[in-house]
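Hi,

Here is the structure I said I'd send over.

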Amino acid sequence: MNAPIKFYQTGTFTVGNRLLAPELRSVQASAERSNSLNSGHRACQGCGEALGARYAVDAAMRATNNQLIACNATGCLEVFSTPYPETSWQLPWIHSLFGNAAAVGTGIAAALKVKGKKDVRVIAQGGDGGTTDIGFGCLSGMFERNDDVLYICYDNEAYMNTGVQRSSATPPAARTATTMAVGPTPGASFGQGKNLPRIAMAHRIPYVATATVADLRDLEAKVEKAMRVHGARYLHVLVPCPLGWGAASHDTIRLARLARETGIFPVFEAEHGEVTAVTRIRRRVSVLEYLQPQRRFAHLFGSPGHPEMLAMIQEEADRNIRHFHLLEESES
Ligand SMILES: Cc1ncc(C[n+]2csc(CCOP(=O)(O)OP(=O)(O)O)c2C)c(N)n1
Ligand code: SF4
């Protein structure tokens, strides 16, 4: 679907319009874009969530001819965009509780069905805490009933809005306010993990995809594809958070790219429970390159550091590479 032209050549209105055929132009490259999440919001500098949401919602707006309703779980995205009575949202937008965005989306979709408004579509969105923890029951119900909602999880790997507490999407060894860098295995524990994209796939819903803010054209394309489908759809977007990760605000895109190129965050699509496409790793890098610029992993480095924990993280990345065939067969 994507043309083989690099995003930085096509991401702007001025350049993008010249290099690509009209049907392939990025949503953000169009003067007609809806600016659904408008300027003036209060996200931190370099916030991956603000960037991801802007691209995702504008793409959903274009795909639905601006006939879109969004509901939003409590979290950074809601708080930085809507300090009452102001708002940055330029579409019908409803705030839900922390844990029930999927149920509110379901309710809106049901109401639209009763009213016979087939052209109006619904998205629900939330952070990883609102999705993988407190909102998980509502989301699983939405999947199981195959409700006509696209749910977008912006995964910054902790509860950022309330001061960086651990969520079930927080990676092993990461320091958060509730997983301190103390003891023999500092930071978040090495558990079984809770992989929401794979749990969504287990519900055999029509469409599941992952994406990162390192490849915004891919994100737009996946949102547009999701909006062409009816039923329950799930999009999981990795959105680095400079504040919570202890990273430089200019490193947001680089970290998202490294998450993909290490195998830590597999980028793929699945339909009805089966993987249908993966984004292959172009230049495989060690997890050290991804972890080192983030202060939440600082306790793993230096002397003595925790080389055994670094090895376990590398093992997990290698497992992802094998499971999703992220390298060309000959390289894996
Ligand atoms: C029932 C309930 N418990 C706790 C809160 C407080 N609260 C609001 S947002 C939030 C964390 C949000 O984290 P996440 O969903 O990961 O989104 P992020 O802020 O990281 O984008 C919490 C704990 C709440 N609003 N409602
Ligand atoms: S704390 Fe993180 S997610 Fe929240 S606004 Fe700042 S950068 Fe974005």
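Let me start at ligand 1, where one of its oxygen atoms sits 2.7 Å from a backbone N or O atom of glycine 130. Before you read on, do keep in mind that this is a predicted model.

A polar backbone atom of methionine 160 is 2.9 Å from a ligand oxygen, and glutamate 49 uses its side chain, with an N or O atom 3.0 Å from an oxygen of ligand 1.

Now for ligand 2. Around it you'll find Ala43, Cys44, Cys47, Cys76, Phe80, Asn156, Met160, Cys241, Pro242 and Leu243. By class that shell has 9 nonpolar residues, 1 polar one and no charged ones. Helices α4 (76–81) and α10 (242–245) each provide at least two of the shell residues.

Next, aspartate 128, which belongs to helix α6 (residues 128–133). Is aspartate 128 buried or exposed? Its relative accessible area is 0%, and anything under 20% counts as buried, so aspartate 128 is buried. Its side chain reaches the backbone nitrogen of asparagine 156 at 3.1 Å. Leaving out neighbours within four places in sequence, aspartate 128 also touches Asp133, Cys153, Tyr154, Asp155, Glu157, Ala158, Ser167 and Ala169, besides Asn156. As for alanine 102, it is 26 residues from aspartate 128 in sequence and 13 Å away in space, C-alpha to C-alpha.

The last stop is helix α13 (residues 307–324). Its 18 residues reach 26 Å from first C-alpha to last, close to the 26 Å expected at 1.5 Å a residue. Which residues of α13 are buried? They are Met309, Leu310, Ile313, Gln314, Ala317, Asn320, Ile321 and Phe324. Because these cover an arc of only 145 degrees around the axis, they lie on the same side of α13. That buried set packs against α8 (196–202), α11 (252–262), β7 (268–271), β8 (274–278) and α12 (287–291). On the face turned away from the buried side, α13 carries the exposed residues Pro307 and Arg322. Just after the helix, histidine 325 takes a positive phi of about 50 degrees.

Cheers

Definitions and conventions
Residues are numbered from 1 along each chain as its sequence is written. Chains are lettered from A and ligands numbered from 1 in the order in which they are written. This is a predicted model: local features need pLDDT of at least 70, side-chain atom pairs count only at pLDDT 80 or more; totals for chains, interfaces and linings use all residues. Side-chain values use heavy atoms; hydrogens and water are left out. Helices (H or I, at least four residues) and strands (E, at least two) are DSSP runs, numbered from the N terminus. Buried means under 20% relative accessible area, exposed over 50%, partly exposed in between (1.4 Å probe, protein chains only). Contact means heavy atoms within 4.5 Å. A polar contact is a pair of N or O atoms within 3.5 Å; within protein, one must be able to donate a hydrogen and the other to accept it, and residues adjacent in sequence count only if both atoms are side-chain atoms. The expected span of a helix is 1.5 Å times one less than its number of residues. The arc is that of the directions from the helix axis to the C-beta atoms. A residue is near a molecule or strand if one of its heavy atoms lies within 4 Å of it. Ala, Val, Leu, Ile, Met, Phe, Trp, Tyr, Cys and Pro count as nonpolar, Asp, Glu, Lys and Arg as charged, and the others, Gly among them, as polar.
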